[in-house]
Amino acid sequence: MRFCAKIFEAMMFGLATLTWLATAAGTCLPNGVIPELRKNLTNAKGESFPVGVILQPYASARLAHEVLAVLITEVLGYNLRNDPNIPPSSVDMMYAMVGCKTWFNKDERGCEERKIELHLAVESWHLSYPNSVESVRQTYQAEMPLSADMGYMGDTGQYISANAVEAAQSTRGLALEYHKSYDPRWHKALDFFDNISVANTSYFFKCEESQLSSNATMFAYLKWTGDDGGVVVVN
């Protein structure tokens with residue numbers, strides 16, 4: 001997302017003003033529904049529960065979630081529950097939405113006895129995995145979650161910091177923008193990057209917990225890259 005600087009400043013000023021006005025009521029919005037007056041959802045069996053939301057592990061999704069939380073709690077007046085489990089990918093979220101108990105466990109989703117308690121997630125990239133989406137759709141047609149446009153475009157990918165690119169170029173004439181510059185037979189590109197020891201490993205997923213173990217995802221990777229040395233074919 002891109003923000004005009006002046007518009008962003010005005011937004012921040014407006015939010016600060018609203019926050020000050022709403023402090024006495026304990027809400028973000030001046031006329032927001034206070035916690036004591038919020039209600040739960042009720043299903044056909046008479047069971048009562050809050051609106052369940054899944055949090056995506058990246059900054060733009062957290063921002064969108066905060067906006068969504070205010071709308072749900074203070075405008076619509078419903079209680080909200082954030083699920084403590086962080087989805088390894090948007091594919092996992094689909095299993096959460098159809099009521100699988102251990103949706104976050106790739107090996108055992110817990111879909112035998114399903115109960116829908118999670119209802120919303122923002123910035124899902126599940127359409128990037130059409131084979132997985134279709135599989136869930138065929139199995140759980142009645143409960144397949146609806147998709148809606150967030151209202152803005154998004155890109156996903158990797159980047160290299162400008163400092164690293166400039167240092168490699170100015171000291172060794174090494175172009176880090178070009179993938180073949182990383183061939184260790186010719187260059188030591190690792191000199192321009194942090195050691196793995198400085199990474200916060202609590203943010204890491206095991207390969208078997210990620211899309212790296214998804215047959216459909218890795219088959220597509222192999223098809224488009226031809227990198228047979230980067231995958232293991234087990235059958």
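## Basis of the model

Residues are numbered from 1 along each chain as its sequence is written, and side-chain values use heavy atoms, leaving out hydrogens and water. Because the model is predicted, local features need pLDDT of at least 70 and side-chain atom pairs count only at pLDDT 80 or more, while totals for chains, interfaces and linings use all residues.

## The helix α3

Helix α3 spans residues 90–97. Helices here are DSSP runs (H or I, at least four residues), strands are E runs of at least two, and both are numbered from the N terminus. 8 of the 8 residues of α3 are buried, so the helix is largely enclosed by the rest of the structure. Buried means under 20% relative accessible area; exposed means over 50%, and partly exposed lies in between (1.4 Å probe, protein chains only). The buried residues are Ser90, Val91, Asp92, Met93, Met94, Tyr95, Ala96 and Met97. They pack against β3 (51–54), β5 and α4.

Both ends of α3 have details to look at. At its start, a side-chain oxygen of Ser89 comes within 3.2 Å of the backbone nitrogen of Val91. This is a polar contact: a pair of N or O atoms within 3.5 Å, where within protein one must be able to donate a hydrogen and the other to accept it, and residues adjacent in sequence count only if both atoms are side-chain atoms. Just after the helix, Gly99 has a positive phi of about 95°.

## The nonpolar core

The largest nonpolar core has 16 residues. Such a core is a set of buried Ala, Val, Leu, Ile, Met, Phe, Trp, Tyr and Cys residues joined through side-chain atoms within 4.5 Å. Ile54, Met94, Tyr95, Cys100, Trp103, Val136 and Tyr140 touch the most other members. Helices α3 and α4 (130–139) each supply at least two residues of this core. The greatest share comes from α3, with 6 residues.

Tyr95 shows how these parts meet. Beyond its neighbours within four places in sequence, Tyr95 is in contact (heavy atoms within 4.5 Å) with Cys100, Trp103, Arg109, Cys111, Val136 and Tyr140.

Cys100 lies in the loop between α3 and β5. At 4% relative accessibility, Cys100 is buried.

Arg109 is in the loop between α3 and β5. With 13% relative accessibility, Arg109 counts as buried. Its side chain reaches the backbone oxygen of Trp103 at 2.5 Å. Among its contacts beyond four places in sequence are Asp92, Tyr95, Lys101 and Phe104.

## The pockets

The largest pocket holds about 1800 Å³ of space. On a 1 Å grid over the protein atoms alone, a pocket is an open set of points where a 1.4 Å probe fits, with protein on both sides within 12 Å along at least five of seven lines; lining residues have an atom within 4 Å of a point. Grid points are joined across faces, edges and corners, and a volume is the space filled by probe spheres set on the points. Of 50 lining residues, Gln56, Tyr58, Glu123, Ser124 and Trp125 are closest to the centre. α2 (59–75), α3 and β5 (120–121) each supply at least two lining residues.

The second largest pocket holds about 490 Å³. Its lining is Thr156, Gly157, Gln158, Tyr159 and Phe204.
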